[in-house]
Amino acid sequence: MARTGLAGAVRVARWADNALGPGRDAATADGKATLSATTADRAAADLGLTPEQIRADWDTARLAGLVEVHGDSARPGWRLRAWDRDDSAVLRGWVALFDAWSLALPEPEAHETAAVAEAVSAMPQVLSFLQLSAGPVPVEQLLDLLQQRVTELRTERCEVSYEPGTEPPVEAAAEPAGTPDAPPASLAPLLDWALEALASVGALTCDAGQATLTPLGSWAVWVKLEQICVAAQSPAGNIEQSAEDMLRGCAQLRPNAARAEYRAWLAARTVGSAVSELIDAARGEDALLRGLAFEALRVVGAPAEPDVRAVVDEPTLRPYALLWLAEHDGLDPEDAHEVLTREEATWLWVDTAAAVADHGEAPMLVRHLESAVQPTVPRLLDEVRAVGHPRTVQVLVALAAAHPDPALAKAVRRAAFQVHTGG
């Protein structure tokens, strides 16, 4: 539907791409790549259309981002370049046209600019009502809704707060024309203009005193409503992502912001499916996601306990699961590591080092040495080699490259070589 509705705009935009521009013959009389009367006539002759159709399609192309106008010159937009191979470019172009519906037709005469602006500001609520109605809605009903919304906008704009014990100033006490209590001027002509403009861009149809969103218009309004809900629930916008993508999106956030994202993501899913997704993400090869997945499971709390207990015997997840269960049982997070054996703590150290090596900076990896339970680096290297973590070699190589002490770096490289060769 989007391709069909924008076919005329694409045709004119492609004609302009081929015929206009620096160094080409079809420049306008003033030498600029704009759609003057001369250019419109030439395009009409080349494409077999009227100049009026050309101008209308040109305006649509500009609103849809198929043509970009810079001062007195125009050039093809990226959407025109991607039109044949990228469906998302087509949909984005139509949504851009939909967002600019108020520019599709001239504003009605005999209405102040402020009144037109109020009607435009109120139309999203009208469109939301049409989308939720999922069928024809009488125009009279839409007019009532528009009037209510305009009144609300005026009320919000006219609200004045006063300190306790004081009286409002005389100017505020008077009721000039257009106050919330005064009935708004007839909005019927503005509603008719808005519906006609929306119909011209393909968002709705009007017939027999009723308005109905087209499938494309209904989809666009639904997307807008969904975006509002996502923005309200998920500050960083990860609510619709898979568990793995959501965790990656939270990797650079501060702890509080990340927890807000986890809560929003969890709120949009059943507990069972959310916990299963998080545990599956933890089973992957990315150690950073493993740690973040269990942070998200801490936000889930008690409902996740059975699933966490079920993975205690999985070597990759065991240290994380034991720490989670210890904290869930009331142990102080700083003391929770006491539930791990020496081997489990060493395995977790290597796994965390792998996350730092993949996503952090060299100084962080050097500082990570301080968190090891072993008192000396040789002892740490011996026990790291013994636990058999699959990322041991990569971690040791990265640590050797990052450490500023040449002797220690040499020892770590030797240990990496021995693990690599099985020595």
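A pocket is an open set of points, on a 1 Å grid over the protein atoms alone, where a 1.4 Å probe fits and protein lies on both sides within 12 Å along at least five of seven lines; its lining residues have an atom within 4 Å of a point. The model examined here is predicted, so that local features need pLDDT of at least 70 and side-chain atom pairs count only at pLDDT 80 or more, while totals for chains, interfaces and linings use all residues. Residues are numbered from 1 along each chain as its sequence is written, and side-chain values use heavy atoms, with hydrogens and water left out.

The largest pocket holds about 730 Å³ of space, a volume being the space filled by probe spheres set on grid points joined across faces, edges and corners. Its lining counts 22 residues, with L288, G291, L292, E295 and T352 closest to the centre. Two or more lining residues come from each of α15 (287-300), α17 (318-328) and α18 (342-359), helices being DSSP runs of H or I with at least four residues, numbered from the N terminus. The top contributor is α15, with seven residues. By type, the lining comprises 13 nonpolar, six polar and three charged residues (nonpolar: Ala, Val, Leu, Ile, Met, Phe, Trp, Tyr, Cys and Pro; charged: Asp, Glu, Lys and Arg; polar: the others, Gly among them).

The second largest pocket has a volume of about 290 Å³. Among its 16 lining residues, G5, T60, L97, S200 and V201 lie nearest the centre. Helices α4 (51-63) and α6 (87-99) each supply at least two lining residues, and α4 gives the largest share, five residues. This lining divides into ten nonpolar, four polar and two charged residues.
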